[in-house]
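The sequence and the model are shown first, and the description follows.

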Amino acid sequence: MNPVFNHRSIGSLVVFSAISGLAISWLLLDVVPWIFITTFQISSLPYLATLFFRILITYLVLFAVLHNSMDIVSKGTRGVVRRVAGPKIKRFDLNQRIQHLWLIVTVAVLAITGFAQMYYEAWGRVVINALGGLAISMDIHLLAATLLGVLVAYHFGFYTFGYLAARARGEHPHIPMMLEKRDITEALQNTKFMLLGRGEEPKYAKYDYTQKFDYWGIYWGMVILGVPGVLLWVYGSTFLLGLPFIFHTSEALLAVLFLLTFHFYQAHWNPRDFPMNKVFVTGTQSEEEVRDQHPQELERLKEVGEA
C-alpha cells in the first residue's frame with residue numbers, strides 16, 4: 001500500500017463509501033421504481049415536477065460520487081498538506097462563523113422535524129412523539145424556518161450594503177464568492193488532473209469552484225424550499241395541485257443528499273481534513289494549508305500586508 005494512504009485517507013474512504021452507498025441505495029429503492037410505478041397521471045404537472053426532481057437528484061448524487069471518488073484517490077495517493085503549526089491566516093471572521101452556526105442549527109432542526117413528518121409511519125413517529133406530538137413538531141419546524149429566513153435576509157442584506165457602501169466611496173470591491181469564467185476553466189483543469197494525472201492542480205483564489213458550487217447550491221435550495229414552504233404554511237398541501245408540496249419535499253431530499261454526498265466530503269471527510277476541518281470554528285488555517293489550497297489568496301494577502 002502506498003504509505004501516503006494513511007489512516008486519514010482510509011477513514012475518508014470508508015466514510016465516503018458508506019454515505020455514497022446509502023445515497024445510491026436510496027436512488028435505487030425510491031427514485032428508479034417511482035419512474036415506473038406512480039399514481040400521477042403521465043404528463044400532468046405534478047408528475048412532471050416530481051420527475052424533474054427525481055432526475056435532478058439522481059444526476060447530483062452520481063456527480064458527487066464520481067467527483068469525490070476521483071478526488072479521494074488523487075489526494076490519497078499523492079499526499080496533501082496537513083494541519084501544521086505556524087503562522088495562521090484568517091479565513092472567516094466572527095460574523096461569518098456565527099452565521100454558519102446559525103445555518104447548521106436551523107437546517108438540522110428543519111431536516112429532523114420535516115423528514116419525521118414525511119416518514120411518520122416508517123420511523124418519524126418516534127421523533128414526533130419525543131418532541132411532544134405533531135402540533136409541537138410543526139411549530140418547531142416553522143420556528144426554525146422563520147429563523148433561517150431571517151438569516152438569509154441578514155446574510156444578503158449585510159453583504160449587499162457593504163458592497164454598495166464601498167462603491168459609494170469610489171471603490172471597486174471584488175466579491176470572491178461570485179461565479180466567474182475561471183471557475184469553469186479550473187473545474188476542467190482539476191478534473192483532468194484528478195482523472196488523468198496530467199498537468200497540475202489549479203492555483204485557486206480565496207474560494208475554489210467546489211466551494212462556490214456548494215455555497216450557491218445551498219442558497220438556491222433555500223429559495224426552492226422557502227417559497228413553497230410558505231405556500232404550504234398558508235394554503236395547505238393540496239394548493240395548486242399539490243405542486244408546492246412536491247417542490248418543498250423534493251428539494252428537501254435534494255438538499256440533504258447534497259449535504260451528505262458533496263458538502264461534508266469537500267469540507268470535512270476528504271483525506272486532507274478527515275475527520276473534521278475546524279476552520280468553521282476557529283476561523284483560521286495555517287499558512288502552509290492556505291499555500292497548498294488557495295495559493296493566489298495567500299499571494300493577495302501578502303501583497304496587502306495581511307499575511
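A crossing of two helices is called left-handed if the near helix is turned anticlockwise from the far one by less than a right angle, and right-handed if clockwise. Helices (H or I, at least four residues) and strands (E, at least two) are DSSP runs, numbered from the N terminus. By this convention, α3 passes α4 in a left-handed crossing.

The model is predicted, so that local features need pLDDT of at least 70 and side-chain atom pairs count only at pLDDT 80 or more, while totals for chains, interfaces and linings use all residues. Residues are numbered from 1 along each chain as its sequence is written, and side-chain values use heavy atoms, with hydrogens and water left out.

**Overall architecture**

The chain contains eleven helices and two strands. Along the sequence these elements follow the order α-α-β-α-α-α-α-α-α-α-β-α-α. Of the 307 residues in the chain, 39% are buried; buried means under 20% relative accessible area, exposed means over 50%, and partly exposed lies in between (1.4 Å probe, protein chains only). The accessible surface comes to about 17200 Å², and carbon and sulfur atoms account for 71% of that surface. Such areas come from the Shrake-Rupley method with a 1.4 Å probe, and for residues only the protein chains shown count as cover. Among contacts in the chain with a separation of 6 or more, 74% join residues 24 or more positions apart, a contact being heavy atoms within 4.5 Å.

**Nonpolar cores**

A nonpolar core is a set of buried Ala, Val, Leu, Ile, Met, Phe, Trp, Tyr and Cys residues joined through side-chain atoms within 4.5 Å. The largest one has 13 residues, and Ile57, Val61 and Leu257 have the most contacts inside it. Two or more residues of this core come from each of α2 (45-78) and α8 (243-269). The greatest contribution is that of α8, with six residues. Another core, of ten residues, lies apart from the largest one and includes Leu103, Tyr207, Tyr215 and Tyr219.

Leu257 and Ile19 are 238 residues apart in sequence, yet their C-alpha atoms are 9.3 Å apart in space.

**Helix packing**

Two packed helices are described by the angle between their axes and the distance between the axes. Axes are lines fitted to C-alpha atoms, for helices over the stretch in contact, and angles run from 0 to 180 degrees between N-to-C directions. Angles under 35 degrees count as roughly parallel, over 145 as roughly antiparallel, 65 to 115 as roughly perpendicular and the rest as oblique.

| Helix pair | Angle | Axis distance |
|---|---|---|
| α7 and α8 | about 160° | 9 Å |
| α2 and α7 | about 160° | 14 Å |
| α3 and α4 | about 130° | 6 Å |

The angle makes α7 roughly antiparallel to α8, and the crossing of these two helices is left-handed. Their contact involves, among others, Phe213, Trp220 and Ile224 of α7 together with Phe245, Phe258 and Phe262 of α8.

Likewise, α2 is roughly antiparallel to α7, and α2 passes α7 in a left-handed crossing. The contact is made by Phe53, Leu56, Leu60, Phe63 and His67 of α2 and by Tyr209, Thr210, Phe213, Trp220 and Ile224 of α7.

Helices α3 (residues 94-118) and α4 (residues 120-131) form the remaining pair in the table, and they are oblique to each other. On the α3 side the residues involved are Ile112, Thr113, Phe115, Ala116, Gln117 and Met118, which meet Tyr120, Trp123, Gly124, Val127, Ile128 and Leu131 in α4.

**Backbone features in the loops**

Leu240 counts as partly exposed, at 47% relative accessibility. Leu241 lies in that loop between α7 and α8 as well, and its phi is positive at about 65°, again in a residue that is not a glycine. Leu241 is exposed, with a relative accessible area of 60%.

Pro275 is found in the loop between α8 and α9 (279-282).
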